[in-house]
Amino acid sequence: MFDSIEQLSRELTSTGYFIDPVMIQVVFLAAKLQKPLLLEGPAGSGKTQLALSVAAAAQTHVERLQCYRGVTEDKAIGRFDEGLQRLYMEFSKGQHEDWQTVQANLKGRDFFRPGPLMRALECERPCVLLIDELDKVDDGFEAMLLEILSAWQLSIPEFGTVAARSVPFVVLTSNEERRLGDPIRRRSLYVRVEHPAPEREAEIIASRTPLADEKFHREMAGIALSFRNYSLEKPPSVSEMIDFANALQLLGTDHVTEEHRDVLLPFLAKTEKDRRHLLLREGFKSLLDDGARFAKSLALPGGSPL
């Protein structure tokens, strides 16, 4: 996918995704060694966005398996199209000598509708396979993934083994709702992903709000840190802070005040408990004051609020 670490760094930066030099090397090695990348950490820390940005940097597409409780292998691998099979039987009446021939045809690849795992293996050139929020499925479903992540193939009883035409770049994400099994961990390069440092978040917000000045970007990063330190049920993610910054731009302001509280709450409070906390005017004001102090420290040479 990438010829050098420098190329990967340059292409990722062009997509607006900023990561540290060590992480860039890990991503490069995962691609070169054809190892899955397991990203684990809090929701909203940019794990999914890394997969999307790698795909954009490599000028390829993403096959995404969104995991959820109750997801089936049919959803992940694929299933036969029963409607198309019935239609085939109707139009092929009298054209075959025996039932075995009809049955063999019905179990052919033409009648199989692939899911994201199979589509990723059948790509002519490598794509990015994103298996998102793997911690939401059970151990059995997780075990089903081991074949594709180690042998780059899928065994489908009806028509045999499907081997990869190209090996995808695999990104697994987990928000730690449960502990993933050791087999998945051993097959992957494990990376702990936290919310970005304020300096890095200011850079990210700057890339999405280029018309604003540095003071505004530092203020947004300071507010993000302040809110995440406030023990909210759902601390704001990086993407939510970008939405927050864009909302301020649309309102024609480059500074957050207490008067903005009610209209901006939908961007930062995602549960009723968090909303009630932030509706306390003194509490909201104290968060803004903390954010301003963090932002001021970012402006100092070598300053860091951490």
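1. Before going on, a word on the source. This is a predicted model, where local features need pLDDT of at least 70 and side-chain atom pairs count only at pLDDT 80 or more, while totals for chains, interfaces and linings use all residues. Residues are numbered from 1 along each chain as its sequence is written, and side-chain values use heavy atoms, with hydrogens and water left out.

2. Back to the largest pocket: its volume is about 840 Å³. A pocket here is an open set of points on a 1 Å grid over the protein atoms alone, where a 1.4 Å probe fits, with protein on both sides within 12 Å along at least five of seven lines; lining residues have an atom within 4 Å of a point. The volume is the space filled by probe spheres set on the points.

3. Who lines the largest pocket? There are 38 residues, and Y17, G44, S45, G46 and K47 sit nearest the centre. α3 is the top contributor, with five residues. By class, the lining has 15 nonpolar, eleven polar and twelve charged residues. (Ala, Val, Leu, Ile, Met, Phe, Trp, Tyr, Cys and Pro count as nonpolar, Asp, Glu, Lys and Arg as charged, and the others, Gly among them, as polar.)

4. The second largest pocket comes in at about 240 Å³. Its lining has 15 residues, with E219, H255, V256, L288 and A292 nearest the centre. α16 (281–299) and α12 (214–228) each supply at least two of the lining residues, and α16 gives the most, with seven.

5. Now a helix pair. α13 and α14 (residues 261–268) pack at about 155°, with axes 9 Å apart. Axes are lines fitted to C-alpha atoms, for helices over the stretch in contact, and angles run from 0 to 180 degrees between N-to-C directions. The two helices are therefore roughly antiparallel (over 145 degrees).

6. Which residues of α13 and α14 meet? On the α13 side they are E240, M241, D243, F244, A247 and L248, and on the α14 side L264, F267 and L268, contact meaning heavy atoms within 4.5 Å. Those contact residues divide into seven nonpolar, no polar and two charged.

Notes: Helices (H or I, at least four residues) and strands (E, at least two) are DSSP runs, numbered from the N terminus. Angles under 35 degrees count as roughly parallel, over 145 as roughly antiparallel, 65 to 115 as roughly perpendicular and the rest as oblique.
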